[in-house]
Amino acid sequence: PEMKIGRKVDNGVLVTKLIDFRALMKLTNLVNYVLCNDSAIAQFAAALGKQAVVIYTANTPQLFVPSGSIDLAVENTACPHKPCLDHCVMPSFVCRDAVTVNEVETKVQLLVSTTHKPL
């Protein structure tokens, strides 16, 4: 929320506000890889043939992973109530808070390595 829309964050990274799913699909089609949470963008990436590292918090990749990319899923078992499908019963979002930068970084490195092939 504190980031200004339309400004460059880093070389090659642009923060933008998309007005609809069509704009999201167009933007997804322009990139080589996707890093996202378990959301529509993960499914759009799969539909467009883009590989994605998908972070699963409330859901599990076994239920929602885009075809052929289970090896790129980031998931933890911190919450005993998974999948809760966005009806959390915990006092905080332990499923989200348990995801580490190291876990995500490991999957991103796998994604961009030249040896990674989709299953």
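This dialogue goes through a few features of a predicted model.

User: What should I know before reading the values?

Analyst: Residues are numbered from 1 along each chain as its sequence is written. In this predicted model, local features need pLDDT of at least 70, side-chain atom pairs count only at pLDDT 80 or more, and totals for chains, interfaces and linings use all residues, while side-chain values use heavy atoms, with hydrogens and water left out.

User: Which strand does strand 3 pair with, and how do the two run?

Analyst: Helices (H or I, at least four residues) and strands (E, at least two) are DSSP runs, numbered from the N terminus. Two strands pair if DSSP finds at least two bridges between them. Here strand 3 is joined by five bridges to strand 4 (residues 51–55), and they run parallel. Leu35 has Val53 in strand 4 as its bridge partner.

User: Which residues of strand 3 are on the covered face?

Analyst: Strand 3 spans residues 33–37; Val34 and Cys36 form its covered face, and Tyr33, Leu35 and Asn37 its uncovered one.

User: What do strand 3, helix 2 and strand 4 make together?

Analyst: A crossover is right-handed if, with the strands pointing away from the viewer, the path from the first strand over the helix to the second runs clockwise. Strand 3, helix 2 (residues 40–47) and strand 4 form a right-handed β-α-β unit.

User: Is Thr28 buried or exposed?

Analyst: Buried means under 20% relative accessible area, exposed over 50%, and partly exposed in between (1.4 Å probe, protein chains only). Thr28, in helix 1 (residues 21–30), is buried, at 2%. Contact means heavy atoms within 4.5 Å. Beyond its neighbours within four places in sequence, Thr28 is in contact with residues including Val34, Ile41 and Phe44.

User: How many aromatic pairs does the structure hold?

Analyst: Rings of Phe, Tyr and Trp (its six-membered ring) pair if their centres lie within 6.5 Å; planes under 30 degrees apart count as stacked, over 60 as edge-to-face and the rest as tilted. The search of the whole structure finds one pair. The ring centres of Phe21 and Phe44 are 5.5 Å apart and their planes stand at 80°, so this pair is edge-to-face. Because Phe21 is in helix 1 and Phe44 in helix 2, the pair ties together parts 23 residues apart in sequence. Phe21 is exposed, at 56%, whereas Phe44 is buried, at 16%.

User: Which side chains meet in a salt bridge?

Analyst: Side chains of opposite charge can pair when their charged atoms come close. A salt bridge is a side-chain nitrogen of Lys or Arg within 4 Å of a carboxyl oxygen of Asp or Glu. The structure has one, between Arg96 and Asp97 (3.0 Å, N to O). Arg96 is partly exposed, at 46%, and Asp97 is partly exposed, at 49%.
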